[in-house]
Amino acid sequence: MQYILKHALQIGSAGVIVLTFLAYLAPFVNPALFGWFAFFGTAFPWLLMGNVLLLIVWASRRHRYALYHLGMLVLGWQHVTSFIGLGAGRPAVPADAITVATHNAGGLFRGVQLEPEEWDDVIAAYARFWRERANPDILCLQETGRKFFLKLKPRLGLPYLFELERPGTAIFSRYPILRGGLLPFDEPENTSMWADVQIGPRVVRIYNVHLQSNKVTYDTEHIVKEAPIDSKDTWKEIGRVLRKVSRATAVRAQQAKTLRDLVAASPHPVILCGDFNDTPTSYVYRQLSSGLTDTFREKGLGLGSTFAGAIPFLRIDYILCDPTFNVYDCRVLRKGVSDHYGVVGVIGF
């Protein structure tokens, strides 16, 4: 029995190591060419847990396989720290530091039917959440609407609001907003924008993005909670979900290239916020984080997952900034006001 168990563990270890290596390669493979490859990167949080558990098992047996799993963790340390924040201590925050927050608030609306006065209570509670938990100077929202923006603005205490005729995203600011516009994505289903904000003597360009959605939230919730795993229909549904994700990932790859070029050409320091719909072990993240600082990797502590839906441990919401900024803090606000958690970063010049 021990012989069978040992060989089963060895086979399991070999499989986890191979899949982890493929996850490390995923950021370098354009999903527009090989859409299926992106799934290895998405699976990284579970592969990380697998490596840690198998490292402990083999170490307790004083077996050399422990070194293999340790080597995989060391090899992908940058990916580990993009998922688990190791920010030690908090430096003194200067008085002129900026608190920036981002949140996909779409979960507030999906499947919800309320009377106008009930919506007023929801909006008041949402504004109170932000005032009490972060009191941001700049708040970037995704998946909301104009009526919501206009009612939220006076309750937040942020005097400036930038929005577009195309609903979806908005930027609330304590500082004057000089100009802005829609990002030039081809036929986007979501809305992404930019705005120049005057912060003291400096102008900062804010990008608030919501990249192409997978649109599989309800499908995955149904599969996870209700669909029998031994049913042929369930596996057909899983196949449809994977195809939808693959197509959306290819679209995000092109959006990321466009956005990367815009960020590189910006005449002002950049803060890039929003819902990327992709994890740190992805081609999209690699494109967008190139040349920018990931505030969570810099100062985050603990698990960085930002998605509260049926699939756990996904980090898909970010605050990236120009390396000329100093990063003092980054937090994920784990409260179920939507199917995404809010992300807050504190930065300064």
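Biologist: Does Lys151 count as buried, partly exposed or exposed, and at what relative accessibility?

Modeller: This is a predicted model, and in it Lys151 counts as partly exposed, at 35% relative accessibility. The label follows from the cut-offs, because buried means under 20% relative accessible area and exposed means over 50%, with partly exposed in between.

Biologist: With which residue does the side chain of Lys151 meet in a salt bridge?

Modeller: As a general idea, side chains of opposite charge can pair when their charged atoms come close. In this structure the side chains of Lys151 and Asp120 meet in a salt bridge, with 3.2 Å from N to O. The pair links distant parts of the chain, since Lys151 belongs to helix H7 and Asp120 to helix H6, 31 residues apart. Asp120, at 27% relative accessibility, also counts as partly exposed.

Biologist: How many salt bridges does a search of the whole structure find?

Modeller: The search finds nine salt bridges. One of the others is formed by Arg146 with Glu163, whose closest N and O atoms are 2.8 Å apart. That pair again links distant parts of the chain, with Arg146 in helix H7 and Glu163 in the loop between strand E4 (160–162) and strand E5 (170–173), 17 residues apart. The two ends have their own labels: Arg146 is partly exposed at 48% relative accessibility, whereas Glu163 is buried, with a relative accessible area of 17%.

Biologist: Which parts of the structure hold Arg315 and Asp294, and how many residues apart in sequence are they?

Modeller: Arg315 forms a salt bridge with Asp294, and their closest N and O atoms are 2.7 Å apart. Arg315 lies in the loop between E11 and E12 while Asp294 lies in strand E10, so the pair ties together parts that are 21 residues apart in sequence. Arg315 is buried, with a relative accessible area of 3%, and Asp294 is buried as well, with a relative accessible area of 6%.

Biologist: Which residues are linked in a network of salt bridges?

Modeller: The network of salt bridges links Arg179, Asp196 and Arg205.

Biologist: Which residues gather in a patch of positive charge on the surface?

Modeller: The patch of positive charge on the surface brings together Arg128, Arg131, Arg133 and Lys335. Arg133 has its place in helix H6 (residues 116–133), where Arg133 is partly exposed, with a relative accessible area of 36%.

Biologist: And which residues form a nonpolar patch on the surface?

Modeller: Leu67, Tyr68, Leu70 and Val74 form that nonpolar patch, and together they have about 400 Å² of accessible area. Val74 is found in helix H4 (residues 65–75), and at 57% relative accessibility Val74 counts as exposed.

Biologist: Where is the place of Gly291, and what separates its C-alpha atom from that of Ala264?

Modeller: Gly291 has its place in the loop between helix H10 (283–289) and strand E10 (293–294), and Gly291 is exposed, with a relative accessible area of 57%. Although Gly291 and Ala264 are 27 residues apart along the chain, their C-alpha atoms are separated by 8.4 Å.

Conventions:
Residues are numbered from 1 along each chain as its sequence is written. This is a predicted model: local features need pLDDT of at least 70, side-chain atom pairs count only at pLDDT 80 or more; totals for chains, interfaces and linings use all residues. Side-chain values use heavy atoms; hydrogens and water are left out. Patches are made of residues with over 30% relative accessible area and no salt bridge: like charges are joined within 9 Å, nonpolar side chains (Val, Leu, Ile, Met, Phe, Trp, Tyr) within 5 Å. Accessible areas come from the Shrake-Rupley method with a 1.4 Å probe; for residues, only the protein chains shown count as cover. A salt bridge is a side-chain nitrogen of Lys or Arg within 4 Å of a carboxyl oxygen of Asp or Glu. Lys and Arg count as positive and Asp and Glu as negative; His and the chain ends are not counted. The place of a charge is taken as NZ of Lys, CZ of Arg, CG of Asp or CD of Glu. Helices (H or I, at least four residues) and strands (E, at least two) are DSSP runs, numbered from the N terminus. Buried means under 20% relative accessible area, exposed over 50%, partly exposed in between (1.4 Å probe, protein chains only).
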